[in-house]
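Morning, everyone. I have one model to show today, and I will keep it short.

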Number of protein chains: 2
Amino acid sequence: MNDAPLGLFDSGVGGLTVVRAVQDILPSENIVYLGDTARVPYGSKSPETIRHFADEDVRFLLSKEVKAIVVACNTATAHALPGLREQYRVPILGVIEPGVEAALADPQCERIGIIATRGTIRSHAYQHALAQRRTGLIIHGQATPLLVPLVEEDWTDHEAARLVLDSYLGPLVEKGIDTLLLACTHYPLLIPMLRQILPADVRLVDSATTCAEHLRKELTRLDLLAPVENQGSLEIFLSDLSDEFEALSRRFLRRPTGRIRRAILGS
Amino acid sequence: MNDAPLGLFDSGVGGLTVVRAVQDILPSENIVYLGDTARVPYGSKSPETIRHFADEDVRFLLSKEVKAIVVACNTATAHALPGLREQYRVPILGVIEPGVEAALADPQCERIGIIATRGTIRSHAYQHALAQRRTGLIIHGQATPLLVPLVEEDWTDHEAARLVLDSYLGPLVEKGIDTLLLACTHYPLLIPMLRQILPADVRLVDSATTCAEHLRKELTRLDLLAPVENQGSLEIFLSDLSDEFEALSRRFLRRPTGRIRRAILGS
């Protein structure tokens, strides 16, 4: 038992889809969320820069005395997680392992498509994690950099979004994928349109819900769960605060956010 | 006469369209360009954060002993230019005044559409500058946040780009604009498709070429032009370096970039 807060961070507000999933299955946990909205996105930037930003994000959360940290950002998980785990003693979880394990939970899974930012695809972190766990998989990574801007513009049912998804997914469908891994915390908001576009037998695996389930197991194993009688709380910090980021936060969390505060990073 | 370099900065590599225009009409000038690719974009962030970033950008250029600075970024011009001019003694030019003057150079101009990032539109800097110079103008600002990602994805002739532009521009065309101000340094790359979509009598004014012409006049007035026998040079610094940013730089400059170096900001 441990009633210190959990820390989650993302490059922006997309990681609030993970917060939502964590609140759903771990309602007693106090959560501190950090979105690095001043420097968002990470997905188009270099590994070195992403590691530098992720390190500052972790230091901020540690200043809030968190008991464990979730890297709720696929790009940061892909490039920074191993280094962060070496450097800090607090348990640090990423979004990649849970997504990979959820994808492979189906023994029939053979042909996997991965959609993500350029940074995540180029890191080969998903491809590597999948290939390590099952031989003979056929894996297709597709960078889909326009999806985050489309989600943030709230055009998730716009005809342009359909055209963009058709262009990105067409080659994956032609290759006969049986599973599509949504390897970016923004993408759960595209699930309704993805369902329309993809053949009915393609399974969707999203990193937000799978990560929350993984977190529950890890906290149980490490005896770090909050007392069940606890009424969990949520504190949101953003490195750039604006009406737009606040509105986006409500869309991603799909519930009230409470007061959002400004985080000063790198000081 | 002054053979110190000119400094230009932008949130990313879009400002290289301004560099290109400056090289075309001022071939003797040595240019130092800074793109803040580690924190790009600025257009979706808050005025306070943009001012903080722009200040660090100016300090970096001053460390290179530039004789004048061009804020080759519409969002930074909109939010930071007045403060920068108060704080620093070096001449600092923005992209807004030149664009506004070019738009109003046509005495027939009455109905102006402005397309730009959310930050630029929300600043009302263009609307204010236009209204100050001519009464009775009808001005429509339209935030077009998906255009930068589309340009960066190199989808400037993709059907999805056409749908996005149709959605953004339809309301402006219905309002009978006679002039469209491209108030973002990325947008010149969309001119071919804009020409297809807009009625033939809508005039396009882009901030890159108009800014270079304004710079030539200001340097002449201040006696800061480089000697004409000079062979101008270009040094590019980016705060995040990657193959992708290097490739994008070549697309925006449309000529070889030379060696691109990493800039450390805020130290």
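Predicted model: local features only at pLDDT ≥ 70, side-chain atom pairs only at ≥ 80, totals over all residues.

Let me start with how the two chains relate.

Now the interface itself. On each side there are 21 residues: 21 of chain A are in contact with 21 of chain B. Helices α7, residues 147-152, and α8, residues 159-174, of chain A each supply at least two residues of the side that touches chain B. The most comes from α8(A), which gives five residues. Sorted by class, that side of chain A has nine nonpolar, five polar and seven charged residues.

On to the sheet. In chain A, four strands form an open sheet in the order β6-β5-β7-β8, and the pairing is parallel. Which strands stand at the edges? They are β6 (138-143) and β8 (203-206) of chain A; each has a single partner strand, so one side of each is left without a neighbour in the sheet. From one strand to the next, the twist averages 20°.

Take β5 of chain A, residues 111-116: six bridges join this strand to β6(A), and the two run parallel. Within that pair, A:Arg111 is opposite A:Ile138.

In chain B, β5(B) pairs with β6(B), residues 138-143, in the parallel sense over six bridges. There, B:Arg111 has B:Ile138 as its bridge partner. β5(B) also pairs with β7(B), residues 179-182, again parallel, over four bridges, and B:Ile115 stands opposite B:Leu182 in β7(B). Is β5(B) mostly covered or mostly open? Mostly covered: five of its six residues are buried.

Last, the core. In soluble globular proteins, nonpolar side chains tend to be buried together. Here the largest nonpolar core has 169 residues, and A:Val18, A:Val71, B:Val18 and B:Val71 have the most contacts inside it. What does B:Val71 touch, leaving aside neighbours within four places in sequence? Its contacts include B:Phe9, B:Ala54, B:Leu81, B:Ile92 and B:Val95, and also B:Thr77 and B:Gly94.

That is what I have; thank you.

Conventions
Residues numbered from 1 in each chain as written. Chains lettered and ligands numbered in written order. Pairing = 2+ DSSP bridges. Axes fitted to C-alpha atoms, helices over the stretch in contact; angles between N-to-C directions. Core = buried A, V, L, I, M, F, W, Y, C linked by C-beta atoms within 7 Å. Buried ≥ 20, exposed ≤ 12 C-beta atoms within 10 Å, placed from the backbone. Contact = placed C-beta atoms within 7 Å. Nonpolar A, V, L, I, M, F, W, Y, C, P; charged D, E, K, R; others polar.
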